[in-house]
Amino acid sequence: MTTQPSEIPEPPASAPLVHARGIVKSFRVDHTRIPVLKGVDLDVAAGEVLLLVGPSGSGKTTLLSVIAGILDADEGTLTVLDRDLFSMTEDEKTAFRREAMGFVFQQFNLLPTLTATENVAVPLLIRGLKKEAAFARAIEVLKTLGMGGRLTSTPSHLSGGEQQRVAIARALVTEPRLLLCDEPTANLDAETGHRVVEALCRVGKRPDRAMIIVTHDTRIFEFGDRLVHMDDGRIREVQHMNEEELR
Amino acid sequence: MNYVALKMLFGDRAKYLMLLAGLTFSTMLIVQQGSIFWGLMLWSQSGITNINVPIWVTDPNINQVEEVKPLADTAVTVVRSVPGVEWAMPLYKGLQRAKLEDGNYQQISLVGLDAATLIGRPGVTLEGRIEELRDPDAVALDQWAVDRLGGPERMKIGTVFEINDHRARVVAIVQTQKSFQNVPFVYTTYKRALRYTPPERRKLSYVLVKPKDGIPAEALARRIAQETGLGAYTADEFGWKTIRWVLKNTGIGVNFGTTVFLGFVVGMAIAGQTFYLFTVENLKQFGALKAIGASTGMLARMILLQSFTVGLIGYGVGIGLATAFGLTAGRGGNLPYAETWPLLVGVLIALLGICAFSSAISIRKLAKLEPGIVFR
Ligand SMILES: Nc1ncnc2c1ncn2[C@@H]1O[C@H](COP(=O)(O)OP(=O)(O)OP(=O)(O)O)[C@@H](O)[C@H]1O
Ligand SMILES: [Mg+2]
């Protein structure tokens, strides 16, 4: 698809990694349709860290699920990495997630019986890599996130911040073009959350990669290039942060 | 990902042991119940297996081996004249009374064998010599008769007692399979058996037959039936006939069959339920795996690997425990217990089937991934 980026970062004007237009999504609860996304337009450029914020129930998780291909939208168009997500089958979407996306969840979602190294290796094992190669690569990524000392610990022996670093390592181990994070700091205290997102951006931010981070956490706003405010299923406001730093 | 699947399974000790306990218990329950049931059925045809000949000839309306319908003495000669018969021997079989030293009576199953050949004699002689049955008043007791007639102290080689007021002298102790009615066997010669028993017009219980080499027992049995008008059955057919009759007429079929069936249903429900709960508890983990790109097929293989692994281990341990029970409780043939391979194979198939079924339910849940499972 896109060639390896040159030294000059791709200008935001080039084809965005995520291109969503008129996304409408409603849920059916007891015969009544509850509209949750009411026409969302959103572009996410390569190299960008986009923070998605807004009150509870405004549809942030729903939007993220649609972009991830986990949830089907009712209306609208969506291309991710130039692929039309809405025309893919369930299996194609799963394969696409495997190849192109990384996820960080609010509740970490690590496998409790696996060590940190094994957890991080899982996406590589899913791709069919041999155990030894997958573990070696997992250890490498864990070390860049400062987790070199906790390689053989299982999640229950790790603090929340450490667990989220393992989850971040798992999301990054396949070098995905698109990283989707839903409230990665919600289960962490503010201080830890700040440090975790700092590590996430230090290791994960790349000119060819976009990150969407859903958050309520104002203390991590400084890491975003853009702040997108959602309210009642619509995007209300887009704020460019650190513009001077970006250019 | 097999590695991950097995680590998910074995990693959580407590959950794994619960799961294993459920599967082990259900296997044990089913195998134990089934084996006791089958053991009882084998007891019901011990009258046939203890005699151990290829073909039984008797009244065509016979229902089961213990229900003797005597034939005319000429039947032996008639059967001998059928082409393909190597030999045909008379057998007397009937319930009689033995008088104990203390004046009490004990019911016995008297078996009279052809004196010259002793065809139909038990395979194992524990004490004495079965050939001495040809001596005057000689009888052989089985191990159950020894117990019932006064124990090994009193009933030994040389002991004299009475059958229907006739003298009987013990010359051998033999081993038999216990009978369903729990009546001990006492062996003697055919002629002496007739003398021991009250006068009757017909006394020949069965004609025992062996086919000539190369002639299948089934074929000869059909021919005997056709040419003589008597009932002729291979040992196997007669055994099944007896089992069918017992099942139908004794209430064992309904009562014990229900117990076995319930054991099966309960066992399978426990197995299915425990494994289903295990996968439901892991649903969030599988959901996360799916979100990060594991296909439904891959998750299905993982869940099936888990269920078959724990299913096979539970099956093995369950059978081990059931067998240990059978060996302990059934020692010396006191409890009907027969683990047969069709039962073991049947339980294995059913168990793996129920594991696959509960896996399938969980896999269905994962086919359409709910964001609620992962994004929370
Ligand atoms: N599967 C579903 N069925 C019915 N309603 C749903 C479903 N998922 C979400 N909703 C509803 O859609 C609305 C938006 O949910 P969503 O999870 O996207 O909000 P959010 O912005 O992520 O909120 P929060 O900040 O609390 O996570 C909520 O009212 C929610 O109850
Ligand atoms: Mg949310």
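Predicted model: local features only at pLDDT ≥ 70, side-chain atom pairs only at ≥ 80, totals over all residues.

Visitor: How many residue pairs are in polar contact between chain B and chain A?
Guide: Eight, with both residues at pLDDT 80 or more. A polar contact is a pair of N or O atoms within 3.5 Å; within protein, one must be able to donate a hydrogen and the other to accept it, and sequence neighbours count only if both atoms are side-chain atoms.

Visitor: Which parts of chain B supply that side?
Guide: α1 (2-11), α11 (283-291), α12 (296-329) and α14 (371-374) of chain B each give at least two residues. α11(B) has the largest share, six residues. Helices are DSSP runs (H or I, at least four residues), strands likewise (E, at least two), numbered from the N terminus.

Visitor: Which residues form the salt bridge?
Guide: A:Glu118 and B:Lys7, with the closest N and O atoms 2.8 Å apart. The cut-off is a Lys or Arg side-chain nitrogen within 4 Å of an Asp or Glu carboxyl oxygen. The count between the two chains is one.

Visitor: Switching to β3(A). Which strands does it pair with?
Guide: β8 (residues 210-214) of chain A, parallel, through four bridges. β9 (residues 226-231) of chain A also pairs with β3(A) in the parallel sense, over four bridges. Pairing takes at least two DSSP bridges. A:Leu50 partners A:Ile212 in β8(A), and A:Val53 partners A:His229 in β9(A).

Methods: Residues numbered from 1 in each chain as written. Chains lettered and ligands numbered in written order. Heavy atoms only, no water.
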